[in-house]
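Please consult the sequence and structure shown here while reading.

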Amino acid sequence: MAATDLDVEGVTLTAGARHLVRDVSLTARPGETIGLVGPNGSGKSSLLRAVYRVLRPDSGQVRVDGADAWSLPVRQLARTVAAVVQESGADFDLAVREVVAMGRTPHKRLLAGDTPEDAGLIDSALAAVDAAHLAERPFDRLSGGERQRVLIARALTQQPTLLVLDEPTNHLDIRHQLEVLGALRRLPATVLLALHDLNLAAYYCDRLYVLNEGEITASGPPVEVLTPRLLAEVYGVAGEVTVHPRTGAPQVTFLP
Ligand SMILES: Nc1ncnc2c1ncn2[C@@H]1O[C@H](COP(=O)(O)OP(=O)(O)OP(=O)(O)O)[C@@H](O)[C@H]1O
């Protein structure tokens, strides 16, 4: 299967006595690009952590193609789900190409070398994020945006059927934001990503979920979700929403 069917059902996450997210349900059908938006601290990263199996739900379930993600063998999950996260702490003493090659690990036997097919996947992933020219550079000397692109290339190389990304456009200049989101959207995989930029979310996502104080307050196609009322209620800002005549996507103009 080229794309995963994701079901998050009634998930509650807590840290001590504190609720991070409460009774959240979300679906991502095979091949969809789903955006998670919401203010700082609304629970986006926490919810993504439950999906890529770092934060165990206190209640509810994350189902990947019908199976409980938390019951799957780690290796099987690694062949299905790739994550690009904020706090990756990735400070590898490796060349970029070696970092990207790590994406093949779940598909290989221990210590197996790279095959020509692996090399081809690494090359195309590097090209997809405009990082081919960085291949031989030490990863730990890249700029923030270059690192982010390399980590996305590593996730692409993993050939996941579900790709989970936390703010993938963080650090990227506008051209690379558009290129990376375009590349993600073209993938056959299902994509779940947290984004702050509502206009990018509106253009690239099939559907949006809005998290506010740990709960989903709206969901649906961007044109239905992004309304002046939502901007006021969730973000506390005034804004106008129009449909752009050329892109057909809703476009938010903030009125500070
Ligand atoms: N391990 C933890 N212990 C206690 N509180 C936590 C923990 N992890 C997250 N939180 C809190 O839970 C809330 C949700 O955090 P989370 O990182 O999921 O939000 P977010 O929507 O991703 O925010 P941002 O847009 O700022 O990245 C925040 O108030 C955060 O401070």
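Predicted model: local features only at pLDDT ≥ 70, side-chain atom pairs only at ≥ 80, totals over all residues.

Q: Is Asp 23 buried, partly exposed or exposed?
A: Asp 23 is placed in strand β2, and its phi is near 50°, a positive value in a residue other than glycine. A buried residue needs 20 or more other C-beta atoms within 10 Å, and an exposed one has 12 or fewer. Because Asp 23 has 14 C-beta neighbours inside 10 Å, it counts as partly exposed.

Q: Is Gln 159 buried or exposed?
A: Gln 159 lies in the loop between α5 (144-157) and β7 (162-166). Its phi is near 45°, a positive value in a residue other than glycine. Because Gln 159 has 20 C-beta neighbours inside 10 Å, it counts as buried.

Q: What is the distance in space, C-alpha to C-alpha, between Ala 155 and Val 100?
A: Ala 155 is placed in helix α5, and it counts as buried because it has 25 C-beta neighbours inside 10 Å. Leaving aside neighbours within four places in sequence, Ala 155 is in contact with Ala 82, Ala 83, Val 84, Gly 103, Pro 160 and Leu 163. Ala 155 and Val 100 are 55 residues apart in sequence, and their C-alpha to C-alpha distance is 7.8 Å.

Q: Which residues touch the most other members of the largest nonpolar core?
A: In soluble globular proteins, nonpolar side chains tend to be buried together. The largest nonpolar core here has 74 residues, and those that touch the most other members are Ala 153 and Val 164.

Q: Where does the largest share of this core come from?
A: Among the core residues that touch the most other members is Ala 153. Not counting residues up to four places away in sequence, Ala 153 touches Val 100, Ala 125, Leu 126, Ala 128, Val 129 and Ala 131. The largest share of the 74-residue core, six residues, comes from α5.

Note on methods
Residues numbered from 1 in each chain as written. Helix = DSSP H or I, 4+ residues; strand = E, 2+ residues; numbered from the N terminus. Contact = placed C-beta atoms within 7 Å. Core = buried A, V, L, I, M, F, W, Y, C linked by C-beta atoms within 7 Å.
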